[in-house]
Amino acid sequence: MDQHPRHQPRQAHRFERRGAAVPALLCAAALAGLLVAAPVSGAPATPLAAGMQRIVEAALGDTYAYERLGELCDVVGPRLAGSPAMARAVAWAAATMERDGFDAVWTEPVALSCWMRGEERAEVTGPAAWSLPLIGLGNSVSTPPEGLEAEVLAVRDWDELEARGDEAAGRIVLFDPPWEGYGKTVQYRTRGASAAAGHGAVACLIRSVTDYSLGTLHTGMMSYDDSLPRIPAAAITVEDAGRLHRLCQRGLTPRVHLVMREHRQDDVTSHNVIGEIRGRENPDEIVLLGGHLDSWDVGTGAHDDGAGCIITMAAAQLLAHLDLRPRRTLRVVLYESEEFGGFGGRAYAEAHAGELVRHVAALESDSGAFPPNGFSVRADSLVTAYLRELAAPLAEIGAGEVESGWAGVDIGPSVEQGVPGLGLRTRNDGYFHYHHSPADTFDKIDPEALARDVAAVAALIWAVAEDPVSLRDRAPVHP
Ligand SMILES: [Zn+2]
């Protein structure tokens, strides 16, 4: 792929923006209100306001992020935590940041165990017979080598399983819950197998956790209750879950044969990838930003979370490119193994425990490359209020909302140590169409939305890193 040396004009990129009129630029007046002393009408903007405006304009007219995300998705491909594919992604990310103008790039070890799927196949053997596409859930055990065959008990939810628990022994329990939002529905994926095993089931199938399906399979992490037998767990399509469920409701007893082979390797050392733009005046004060580099092994992790990695890389890279090196250091961290439980985020917080007190803020982008609507903040209410003020002018590109709430899995361990946390929020109504499925690919990325994400992150993170007063000094110090 083409290179992007830091002093090269950015128009040299292969992906031209197609008629990308900069949609809604920050108006200088809104920006001028940012840092206290708003100039009188007609006066020049403050340096901070001018900087933010420049950043947004440059980001909206730039194709760097789109180009790099395409490279990550199409050339590097999927990158399951701890796998050889992830090692290739780590090497790509480090080489890319070095090439693209970061001042320092390095990797840090993350210890984890690696789970990988092998052969997976299933069929319905009666009363009607059809081939049953399925996808093993992350961490699932294998079936016996010859597979297993059993009758299906389809239930809608936990209550129905409890009510009909005595029918589950020796059967495959199928959970076919309606979509009630990710947070609620995903519980059948994470805990369904052990709930079924508690009633003697031999395997667990779930309806793919999605709000929309054209026959797509959605995987994701599951975990076992140590006190119960470990049974194989897989997702099937919404369509097949519905058909099996309806057969059961007709009083028929469908049978399923499934074969699942999974491989596990403990004591794997993988890596977080870190790149810095050193601060101009206070290089020891750090503004952290990043996403998770690992993805599921199906699709190419375009929205989840290739986008978050590239949005934050592009934001920092843009500031270096524009010669807007802020007062404090920008540190981009691409985390390993978010999908299997946040190993990279914990490794970072442990390795940097001594300097977390000098981390001024930590931002995570893990909501896909949909149009931004603002930031979710986990911090003292005074910090949140200040960030709301700081981000308000980003309303011009639809990204001005700041709410108190969840900031991110990877930055979680650092945020727990008192670092103010920010999560990029997006208008991601379509996210779960693609999430953890073979459909999470680069063709689903809207370059305009991606450019807005970069604009929002770059402008806000720059303001935080440039602000003469540290964000952490805007709230009382907590012990
Ligand atoms: Zn993610």
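Reply: What follows sets values against definitions, one label at a time. This is a predicted model, where local features need pLDDT of at least 70 and side-chain atom pairs count only at pLDDT 80 or more, while totals for chains, interfaces and linings use all residues. Residues are numbered from 1 along each chain as its sequence is written.

Me: What makes the phi of Asp267 worth a remark?

Reply: Most residues other than glycine have a negative phi. Asp267 is not a glycine, yet its phi is positive, about 55 degrees. Asp267 is found in strand E8. Asp323 is not a glycine either, and its phi is about 60 degrees. Asp323 sits in the loop between H8 and E10.

Me: How do you know what counts as a helix or a strand, and how many of each are there?

Reply: Both are DSSP runs, numbered from the N terminus: helices (H or I) have at least four residues and strands (E) at least two. The chain comes to 13 helices and 14 strands.

Me: What makes E14 largely enclosed?

Reply: Six of the six residues of E14 are buried, so the strand is largely enclosed by the rest of the structure. Gly421, Gly423 and Arg425 point one way. Leu422, Leu424 and Thr426 point the other way, and all are buried.

Me: How do you know which strands pair with E14?

Reply: Two strands pair if DSSP finds at least two bridges between them. E11 (residues 359–364) and E14 have three bridges, in the parallel sense. E12 and E14 have six bridges and run antiparallel. Gly421 of E14 is the bridge partner of Ala362. Gly421 is also the bridge partner of Arg378.

Me: Why do the buried residues of H10 count as lining one face?

Reply: The buried residues of H10 (residues 381–391) are Val383, Thr384, Tyr386, Leu387, Leu390 and Ala391. The arc is that of the directions from the helix axis to the C-beta atoms. Here the buried residues fall within an arc of 165 degrees, so they line one face of the helix. On the other side of H10, Ser381 and Leu382 are exposed.

Me: What do those buried residues of H10 pack against?

Reply: They pack against strands E12 (372–378), E13 (401–404) and E14 (421–426), and against H13.

Me: What makes a set of residues a nonpolar core, and which members touch the most others in the largest one?

Reply: A nonpolar core is a set of buried Ala, Val, Leu, Ile, Met, Phe, Trp, Tyr and Cys residues joined through C-beta atoms within 7 Å. The largest core has 143 residues, and Ile55, Val454, Ala458 and Ile461 touch the most other members. Helix H13 (residues 447–466) gives the largest share, 14 residues.

Me: How do you know which residues Ala458 is in contact with?

Reply: Two residues are in contact if their C-beta atoms, placed from the backbone, lie within 7 Å. Leaving aside neighbours within four places in sequence, Ala458 is in contact with Ile55, Ala59, Ala315, Leu318 and Leu319.

Methods: A residue is buried if 20 or more other C-beta atoms lie within 10 Å of its own, exposed if 12 or fewer, and partly exposed in between; C-beta atoms are placed from the backbone.
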